[in-house]
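Subject: Structure for your files

Hello,

Here is the structure I said I would pass on. My notes on it follow below the entry.

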Amino acid sequence: MGSRDTRERPDVAVVAAARDGDRQAAEQLVGDCLPLVYNIVGRALHGHGDVDDVVQETMVRVLDGLPGLERPDRFRSWLVAITVRQIRDRWRAGRTWLTSDPLEDPGAGEAQPDFADLAILRLALSGQRREAVEATRWLEDEEREVLALWWMESAGELTRGELSAACGLTPSHAAVRVQRVKERLETARAVVRAVTASPRCPDLAPVLGSWDGRPSGLWRKRLARHVRDCPRCLRSASDLIPAEGLLAGLALVPVPIGLAGLVLARTTVAGSAGAGAGAGTRTAARGGRTTARGGRTTARASRTARTTGRLAAKPVTAAAATAVTLAVAGAAWYAATGSHEPGPRHAAAAALSPGTSSEQPSARTPASRTATPTPTPTPPRTHAPAPKAASVTAAEPRFAGRHALRSVDRPGDYASQSDRLGILGPVGATSSEAARQAATFTFVPGLADPHCYSLKDAAGRYVRHYAFRIRLDTDDASALFRKDATFCPRAGSTPGSVSLESYNYPGRYLRHRDDLQLWLDPAQDTAAYRASRSFVLVAPWS
């Protein structure tokens with residue numbers, strides 16, 4: 001599918017001016033290019049925590065190499081080619097962390113949602129567009145690079161010629177690569193439709209028996225065999241619109257404000273340093289490459305100095321000073337919130353009283369959590385034949401201890417577990433001891449934040465989300481596990497009820513779906529959704 005010509009592209013005159021040392025033009029060029037680079041890198045690396053670093057390094061390399069660009073009219077192809085090289089360099093540097101579920105180093109900062117989740121939340125996608133984005137999680141790592149470029153082509157951000165040049169392929173070879181990825185994406189969409197169907201095809205149960213809930217290319221292939229041969233699943237996917245039609249004209253995922261500031265801080269100084277020798281470097285490059293090599297060496301030395309943190313100590317131009325201010329402000333905001341949203345989220349629960357609800361995620365600062373009233377049940381009591389609701393008030397900021405979580409919209413069912421997966425199931429006075437024990441959890445201070453909570457079962461396993469499926473696992477002492485297993489109480493849909501919001505995915509709540517499985521799902525402004533994520537804390541069953 002060809003790109004539309006109506007999308008705004010860097011003006012050749014702006015590219016030429018930036019190449020010749022115009023700082024204002026360089027800043028404009030960065031602003032024009034950053035959304036495209038951020039979206040390509042984000043999709044290719046699946047939203048891994050190193051995305052921001054790769055984007056920054058790409059833009060620095062672009063500014064460093066700009067004085068040697070002889071054809072400003074080919075800037076965009078050159079830009080995308082550099083972006084692809086940076087992605088491949090990061091692949092070679094550490095393929096082990098590029099999995100279908102982003103990993104993070106111990107002690108790393110806030111866990112990041114993958115790029116599919118960012119697209120869904122920030123672009124408010126729904127219906128088949130949402131399913132298409134969800135399907136990208138089922139692709140192989142090698143397929144995501146081509147997917148990222150084809151996505152930009154379908155959205156009108158790239159031409160097929162630019163895509164081919166970036167991959168270093170002929171147009172015909174690039175067309176073959178793109179077609180393969182399109183076919184696999186369409187297969188993944190049918191798999192997503194089958195897995196999320198309610199009720200789900202009963203013949204899928206044997207196939208999914210050993211599935212851990214994590215999307216992957218391997219499981220796409222396994223499930224695709226069933227979908228292709230199952231009349232029921234084929235009928236379910238019969239109304240799917242071709243993905244390129246859904247992506248046409250789709251907006252790009254917005255660049256985080258903090259990232260823009262950091263990029264400007266680095267690239268503005270890169271523009272100043274590179275521009276000082278820009279005209280001479282370019283002239284010498286046409287007559288002999290010795291001076292050009294010297295210019296590139298100087299640029300690399302400048303970049304090394306910036307990387308080691310000496311940026312703020314150097315005298316800079318007014319434009320560079322502005323960029324440094326943006327970067328410092330962005331870094332300070334990240335330190336306070338640990339978020340990639342454009343601005344701090346509202347501490348919604350602070351204004352809530354029992355019986356009200358809000359889907360706005362809370363700020364991620366300890367101070368905001370301390371000030372946020374959270375529901376508190378009364379101490380555990382001796383069990384009656386059916387448990388009575390514990391009192392939940394906004395006046396008591398903390399609670400702990402053993403409780404059962406009774407569903408608001410299915411009063412006879414409780415949050416429970418089956419084969420380590422979270423479910424909603426019936427529990428009563430005549431239930432077996434195993435069933436009563438499976439529906440009892442101990443609330444302890446959150447592993448990632450003591451102002452929130454983690455839930456343990458009798459075996460010492462923690463309730464956590466894994467690929468957004470609720471399950472129970474033993475603490476592996478990783479930073480990612482601690483965040484996955486931390487939930488923050490928010491007011492529920494009825495007086496005395498509580499909802500559990502994910503610590504590292506603000507705006508996603510623990511809830512039951514129609515098939516009574518527990519998932520971590522994004523907020524929806526419907527009464528049914530609010531009820532499905534609301535629970536009443538009652539005395540423990542076991």
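I will begin with one cysteine. C488 is buried, at 0% relative accessibility. Please keep in mind throughout that this is a predicted model.

Disulfide and other cysteines

What is C488 joined to? A disulfide links it to C452, with 2.0 Å from S to S. The link between C452 and C488 is right-handed, with 85° about the S-S bond. The pair ties together distant parts of the chain: C452 sits in the loop between β4 (441-445) and β5 (453-456), while C488 belongs to strand β8 (residues 487-491), and they are 36 residues apart. The count for the model comes to one disulfide.

C201 is buried, with a relative accessible area of 6%, and C233 is buried at 4%.

Nonpolar cores

The largest nonpolar core has 83 residues. Y38, I40, F75, W138 and L149 have the most contacts inside this core. Helix α2 (residues 23-44) gives the largest share of it, twelve residues.

A buried arginine

R220 is part of helix α11 (residues 217-229). Is R220 buried or exposed? Its relative accessible area is 4%, so R220 counts as buried, the limit being under 20%. Apart from neighbours within four places in sequence, R220 is in contact with W138, L139, E140, E143, R184, T187, A188 and V191. W138 in that list is also one of the residues with the most contacts inside the largest nonpolar core.

Helices α8 and α9

Two packed helices are described by the angle between their axes and the distance between the axes. Helix α8 (residues 160-167) packs against helix α9 (residues 171-196) at an angle of about 90°, and the axes are 9 Å apart. The two helices are therefore roughly perpendicular to each other. On the α8 side, R160, L163 and S164 take part; they meet P171, A174, A175 and V178 of α9.

Strand β10 (residues 508-512) is largely enclosed by the rest of the structure, because five of its five residues are buried. In a regular strand the side chains alternate between the two faces of the sheet. In β10, R508, L510 and H512 point one way, Y509 and R511 point the other way, and all are buried.

Which way does β10 pair with strand β11 (residues 518-522), and over how many bridges? The pairing is antiparallel, over five bridges. Within it, Y509 has D521 of β11 as its bridge partner. The two strands form a hairpin with five residues between them. L516, in the turn, has a positive phi of about 70°.

Regards

How values were computed. Residues numbered from 1 in each chain as written. Predicted model: local features only at pLDDT ≥ 70, side-chain atom pairs only at ≥ 80, totals over all residues. Heavy atoms only, no water. Core = buried A, V, L, I, M, F, W, Y, C linked by side-chain atoms within 4.5 Å. Buried < 20%, exposed > 50% of the residue type's maximum accessible area, 1.4 Å probe, protein only. Helix = DSSP H or I, 4+ residues; strand = E, 2+ residues; numbered from the N terminus. Contact = heavy atoms within 4.5 Å. Pairing = 2+ DSSP bridges. Disulfide = S-S within 2.5 Å. Axes fitted to C-alpha atoms, helices over the stretch in contact; angles between N-to-C directions. Parallel < 35°, antiparallel > 145°, perpendicular 65-115°, else oblique.
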